[in-house]
Amino acid sequence: MPTFSGIDHIALTVTDLHVSLEFYERVLGVEADGAMSDGPFSRSVLPLPDGTHLGLTQHDSGSGEPFNPRTPGLDHVGFACPLRSELARWSEHLDSMGVEHSGIQDAEYGSALSFKDPDGNALEFFASL
């Protein structure tokens with residue numbers, strides 16, 4: 001069996017690269033590596049603290065339909081937090097940015113703080129038990 005070490009990057013399709021890039025940089029506190037254009041799309045890549053990357057892609061044409069978690073595809077992106085107490089800090093940060101969120105939700109496998117980006121892509125900060 002071939003091996004792999006984990007996830008290198010996740011790329012999300014967005015409606016307006018500029019708007020989404022500003023949202024992610026402001027909320028996550030990271031800066032994009034720069035924008036690139038490759039054929040019928042433009043993309044920016046955000047480095048995340050663990051060495052993975054979040055790509056944002058704006059295609060020249062698209063449906064313009066907002067994210068729907070009931071359509072096959074990516075359900076959500078979960079950003080790892082080391083402790084549940086860190087979720088409270090993220091909740092305060094999202095509040096200060098004016099970003100609506102779920103509040104901290106506890107389950108038997110961990111705790112989550114869910115929110116959405118400008119296109120409705122589902123995101124969460126998650127602390128495992």
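**Figure 1. Aromatic pairs in the predicted model.** The structure holds 5 aromatic pairs. A pair here means rings of Phe, Tyr or Trp (its six-membered ring) with centres within 6.5 Å; planes under 30 degrees apart count as stacked, over 60 as edge-to-face and the rest as tilted. Tryptophan 90 and phenylalanine 125 form a stacked pair, 4.0 Å centre to centre with 15 degrees between the planes. This pair links distant parts of the chain: tryptophan 90 sits in helix H2 (residues 84-97), phenylalanine 125 in strand E8 (residues 122-128), 35 residues apart. Helices (H or I, at least four residues) and strands (E, at least two) are DSSP runs, numbered from the N terminus. This is a predicted model, in which local features need pLDDT of at least 70 and side-chain atom pairs count only at pLDDT 80 or more, while totals for chains, interfaces and linings use all residues. Residues are numbered from 1 along each chain as its sequence is written, and side-chain values use heavy atoms, with hydrogens and water left out.

Figure 2. Phenylalanine 115 lies in strand E7 (residues 110-116) and phenylalanine 125 in strand E8, so the pair ties together parts that are 10 residues apart in sequence. Phenylalanine 115 counts as buried at 4% relative accessibility. Phenylalanine 125 is buried at 2% relative accessible area. Buried means under 20% relative accessible area, exposed over 50%, and partly exposed in between (1.4 Å probe, protein chains only). Tryptophan 90 is buried too. One aromatic cluster takes in Phe79, Trp90, Phe115 and Phe125.

**Figure 3. Surroundings of leucine 94.** Leucine 94 lies in helix H2. Its relative accessible area is 0%, so leucine 94 is buried. Leaving aside residues up to four places away in sequence, leucine 94 touches Val27, Val99, His101, Leu113, Phe115 and Phe125. A contact means heavy atoms within 4.5 Å. Leucine 94 and glutamate 124 are 30 residues apart in sequence; their C-alpha atoms are 11 Å apart in space.

**Figure 4. Aspartate 33 in its loop.** Aspartate 33 is found in the loop between helix H1 (17-28) and strand E2 (35-37). With a relative accessible area of 56%, aspartate 33 is exposed. Aspartate 33 touches Val45, Pro47 and His53, again not counting residues up to four places away in sequence. Glycine 55 is 22 residues from aspartate 33 along the chain, and 9.9 Å separates their C-alpha atoms.

**Figure 5. The whole chain, for orientation.** The protein has 2 helices and 8 strands. Their order along the sequence is β-α-β-β-β-β-α-β-β-β. The radius of gyration is 15 Å, close to the 14 Å that the globule rule gives for 129 residues, so the protein is as compact as a globular protein of that length. That radius is taken over C-alpha atoms, and the rule is 2.2 Å times the number of residues to the power 0.38. The C-alpha atoms fill a box of roughly 45 × 45 × 30 Å, taken along the principal axes. Buried residues make up 34% of the 129 residues. Of the contacts with a separation of 6 or more, 45% are between residues 24 or more positions apart.
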